[in-house]
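Please look through the sequence and the structure below before reading on. The notes that follow are grouped by topic.

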Amino acid sequence: MNRNTTAVELAGIWTDFGDRAVHRGIDLRVPGGQKLALVGGSGSGKTTLLRIMLGLLAPQQGTARLFGRELETLSDDDQQAIRNRCGVLFQGGALFTDLNIYDNIALPLRELDALDEDTIAELVCMKLLMVRLDERVGSLMPFELSGGMVKRAALARALALEPELLFLDEPTSGLDPLAAENFVDVINRLHRDLRFTMVMVTHDVHSLHDLCDQVAVLADGELVAHGPIDQVIESEHSFVHHFFRGGRSRPISGAGAP
Amino acid sequence: MTAANAASDFQPPAIETRETDAGVAIHLSGDWTLRALCPHLDELRARLTALARDDAHAWDLSAIHRLDNTGALILWKAWGRTFPSSVALRDSHRPVFANWETRQPPHFDEPRRPPSERALATLARPARAAHHHARDWLALLARFLRDVADLLAHPRRIPWREISAIIHLTGVRALPITGILGLLFGVVLAYQAAIHLQAFGADTFVSEMVGFTMVREMGPSMTAIILAGRSGSAITAQIGVMRLTQELDAMKVMGISSSQRILLPRIIGLTIVLPLLSIWVMLLSLSGGALTAHLAIGLDYTHFFSTLPTALPLVNLWIGLAKAALFGAAIAITACHFGLRIEPNTRSLAAETTRSVVAGIALVIIINASATVVLQNIGFKGV
Ligand SMILES: Nc1ncnc2c1ncn2[C@@H]1O[C@H](COP(=O)(O)OP(=O)(O)OP(=O)(O)O)[C@@H](O)[C@H]1O
Ligand SMILES: [Mg+2]
C-alpha cells in the first residue's frame with residue numbers, strides 16, 4: 001500500500017447508546033502501512049469504534065472513510081469491493097459454526113471464484129501454518145477448539161484474502177505468552193512481506209510494544225493521546241499513566257521482585 | 001467510480017519475454033497478489049506453465065512490485081515446486097518463497113461428513129432414533145415430576161415469576177391470533193353444518209354440531225397446534241441458544257437447577273395456558289357460529305345458545321379442558337427435549353426447532369385420537 005494514502009479516516013465521530021455517549025467527537029487518521037494500536041479501558045468503546053470504521057455501525061454524528069471512501073454513500077458492489085480489501089479478527093472469533101476450520105478459511109477464497117480447489121487447499125494449509133495451527137485442525141469444528149485455537153483460526157481466516165488493511169480485536173488475549181510472541185512474529189513477518197495497514201485493539205503492553213508504531217488511547221469517549229509509543233508513554237493523563245506505567249505492565253523478573 | 005476502481009489500487013501482473021544472446025529472458029512485473037491475479041488467473045497460469053517447460057529460460061522477478069503467498073504459490077506450482085536454474089529475485093521477496101519451499105502438497109484426512117449427511121444416516125435408522133427420543137423424552141417427564149414433587153416440598157422455591165412470564169408470553173400475547181382463527185373456524189363450521197343440516201330439515205341442530213366440535217375436539221386441538229408452532233419453536237430455540245452460550249452451564253455452577261428454573265416454568269406455564277386459551281377459542285368460535293347461523297339460515301341467537309346446555313353435557317367441557325392441559329404439557333416437554341439436543345452450531349438450531357414443531361403437532365394429534373377412542377362412550381346425550 002502506498003504510504004501517502006489514507007487507509008482509515010474518522011472525523012467527528014459521536015456515538016450514543018441510549019443516553020450514554022461512548023464516543024464524543026473522535027478524529028483519527030491511519031495512513032497506509034501504519035500499525036496502530038487502539039488501547040483503552042474495558043467498555044471504553046474500542047470494539048464499537050472498529051465497527052464504525054468497517055461501516056457495520058453508523059455513528060450518530062461524524063463520518064468514517066475506508067481508503068478515502070465513505071462506505072454509506074457507495075453502492076453495494078463498491079462497498080463489497082472495499083470490504084474485500086480488509087481482514088477482520090473479531091473479538092469472539094466469529095467463526096462459522098456450521099463449517100469446519102478448513103472450510104471457514106476456504107470460504108472467502110472460494111467466493112472469489114478464480115482459484116481451483118488444489119490451490120485453495122495449499123493456501124489454507126499455509127494460513128494454518130502461519131498461525132501455528134496443525135493441518136489436522138482443519139477438519140475440526142469450531143466448538144471443538146480451545147479459546148486460543150479459535151483466536152488463531154479466526155486470524156487465519158482474516159488473512160485468507162491477503163488483506164491490505166487488517167483489523168484485530170484483542171488478538172493476543174487468551175493466548176499463552178509463547179503463542180502471543182509467535183503471533184507478534186507472524187504479524188511482523190507478514191507486515192514486512194505485504195506492507196498492510198493494521199488497526200489493533202489490545203490490552204497487552206508487550207505485544208503492543210513489539211508490534212505497533214503508533215498508539216491511540218481512548219478514554220472518556222475521546223482520544224486522550226495519539227502518537228508514537230514513546231511519546232504517548234510520556235502523557236500525564238491518568239489512564240495512560242496507569243496503563244503503561246502501572247505495576248501490571250512491568251515485566252516480571254525473579255531477581256528484581258521484592 | 002466503479003467497483004473495479006474501488007478495488008484496484010494495484011498494478012496488473014504482467015509477463016514479458018525477451019530474446020537475448022543467452023536465450024529467452026522472462027520478465028515479470030506488476031503486483032503478483034491474490035486480488036491482482038484473480039481477474040486473469042487462468043490465462044497467466046497457462047502462460048507460466050508453457051514458459052516453465054524449458055528450463056533454459058532465465059526468470060527475472062526483480063520488477064515485481066508486490067508479491068504475496070498466492071502469487072508465490074502460482075509461480076511455484078508453475079515451476080514444478082522448485083526454483084528454475086536461473087532466477088533473479090528481490091531479497092524482500094525471498095522469504096515469501098521460503099514459505100512454500102519447505103512444504104509438500106497437503107494431505108488432508110478424509111474430510112468429516114457434513115451434518116446433513118449425518119442427519120440422513122439418522123433417518124436411515126429411524127427405529128433407533130425413535131427409541132432414543134422416547135427414552136430422553138420420558139426421562140425429561142420423570143425429571144419434571146421429580147421437580148414438581150421437590151417444589152411441593154419446598155414451596156418457597158417455586159419460580160412464580162418465571163411461570164407468570166411464560167403465561168404472559170405464550171397466553172396473553174396469543175389472544176389476538178387464536179381469537180381470530182377461532183372466530184373464522186366457527187364461521188366456516190356453522191356454514192357447512194347449516195347447509196347440510198338444512199337439507200334434512202334439521203337446521204336447529206347447528207348449535208349442537210358446532211358446540212360438540214369446538215368444545216370437545218377442535219377447540220383444544222386447534223389451539224394446541226397454534227401454540228406448538230408459536231411457543232414450542234420459541235422454547236426450543238431459546239433453550240438451544242442458552243446451551244450454545246453456556247448459560248445453562250453458568251447456572252449449574254451457581255448451584256441453580258436449570259431444570260427447575262428453565263424447564264419447569266415452561267411446562268407448567270403451557271399446561272395452564274392451553275386450557276385457558278381453549279376456553280377463549282371455544283367462546284369465539286361459538287359466537288362466530290351463532291352469527292353465521294343467524295345470517296345463513298335465520299337461526300335465532302337465543303335459540304342457538306339456549307339449546308347448547310341440554311345438547312352438550314357439561315362433561316364435554318371438562319374433557320376438552322383436560323385434553324388441552326395434556327397437550328400443553330406434551331408440547332412444552334417436546335420443545336424442551338429438542339432444545340436440549342441442540343448442538344453448538346446454527347444448522348442444528350434450525351433442524352431441532354423444526355423437529356420440535358413437527359413432533360409437537362404430531363403428538364397433539366396422536367393424543368387426541370387416543371382420547372377419542374378411550375372416551376368414546378362418555379359425554380353424549382342419553383349415555
Ligand atoms: N449494541 C449495543 N447496545 C448498547 N450498548 C452497547 C452496544 N455495543 C456496545 N455498547 C456499550 O458501549 C460501550 C463500549 O463497548 P465496546 O464493546 O466498544 O467496548 P470495548 O472498549 O471493546 O471493551 P472491551 O475491552 O471490554 O472489549 C460499552 O459500555 C457497552 O455497554
Ligand atoms: Mg471489545
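This is a predicted model. An oxygen atom of ligand 1 is 3.3 Å from an N or O atom in the side chain of A:His203. Taken alone, ligand 1 exposes 640 Å², and the protein buries 62% of that area.

**Surroundings of ligand 1**

- Ligand 1 has 14 residues around it, and those that come nearest are A:Ser42, A:Gly43, A:Lys46, A:Thr47 and A:Thr48.
- A:Gly43 uses its backbone here: one of its N or O atoms lies 2.8 Å from an oxygen atom of ligand 1.
- A:Glu170 uses its side chain instead, with a polar atom 3.2 Å from an oxygen atom of ligand 1.
- Two elements of chain A, β2 (20–31) and α1 (46–53), each supply at least two residues of the shell around ligand 1.
- Helix α1(A) gives the largest share of that shell, namely three residues.
- By type, the shell around ligand 1 holds nine polar, three charged and two nonpolar residues.

**The magnesium ion**

- Which residues coordinate the magnesium ion (ligand 2)? They are A:Thr47, through OG1, and A:Gln91, through OE1, at 1.9 to 2.4 Å.
- A:Thr47 lies in helix α1 of chain A, while A:Gln91 lies in the loop between β6 (86–89) and α3 (101–112) of chain A, so the pair ties together parts that are 44 residues apart in sequence.
- A:Thr47 has a relative accessible area of 30%, so this residue counts as partly exposed.
- A:Gln91 is also partly exposed, because its relative accessible area is 36%.

**Salt bridges within one chain**

- Over all chains, a search of the whole structure finds 19 salt bridges.
- In chain A, A:Arg65 and A:Glu70 form a salt bridge, and their closest N and O atoms are 4.0 Å apart.
- A:Arg65 is partly exposed at 31% relative accessibility, and A:Glu70 is partly exposed with a relative accessible area of 21%.
- In chain B, the side chains of B:Asp42 and B:Arg45 meet in a salt bridge, with 4.0 Å from N to O.
- B:Asp42 and B:Arg45 are three residues apart in helix α3 (residues 41–52) of chain B, so about one helical turn separates them.
- B:Asp42 is exposed, because its relative accessible area is 57%.

**A salt bridge between chains**

- A:Glu164 forms a salt bridge with B:Arg35, and the closest N and O atoms are 3.9 Å apart.
- A:Glu164 lies in the loop between α5 (147–158) and β7 (165–169) of chain A, and B:Arg35 lies in helix α2 (residues 34–37) of chain B, so the pair joins two chains.
- Are A:Glu164 and B:Arg35 buried or exposed? Both are buried.
- A:Glu164 and B:Arg35 also belong to a network of salt bridges that includes A:Arg85.

**A pair of residues in chain B**

- B:Ala134 is part of helix α7 (residues 126–153) of chain B.
- B:Ala134 counts as partly exposed, because its relative accessibility is 40%.
- Between B:Ala134 and B:His337 there are 9.9 Å in space, C-alpha to C-alpha, although the two are 203 residues apart in sequence.

Notes:
Residues are numbered from 1 along each chain as its sequence is written. Chains are lettered from A and ligands numbered from 1 in the order in which they are written. This is a predicted model: local features need pLDDT of at least 70, side-chain atom pairs count only at pLDDT 80 or more; totals for chains, interfaces and linings use all residues. Side-chain values use heavy atoms; hydrogens and water are left out. A residue is near a molecule or strand if one of its heavy atoms lies within 4 Å of it. A polar contact is a pair of N or O atoms within 3.5 Å; within protein, one must be able to donate a hydrogen and the other to accept it, and residues adjacent in sequence count only if both atoms are side-chain atoms. Accessible areas come from the Shrake-Rupley method with a 1.4 Å probe; for residues, only the protein chains shown count as cover. Helices (H or I, at least four residues) and strands (E, at least two) are DSSP runs, numbered from the N terminus. Ala, Val, Leu, Ile, Met, Phe, Trp, Tyr, Cys and Pro count as nonpolar, Asp, Glu, Lys and Arg as charged, and the others, Gly among them, as polar. Donors are N, O and S atoms within 2.8 Å of the metal (3.2 Å for Na, K and Ca); water is not among the atoms, so sites may look incomplete. Buried means under 20% relative accessible area, exposed over 50%, partly exposed in between (1.4 Å probe, protein chains only).
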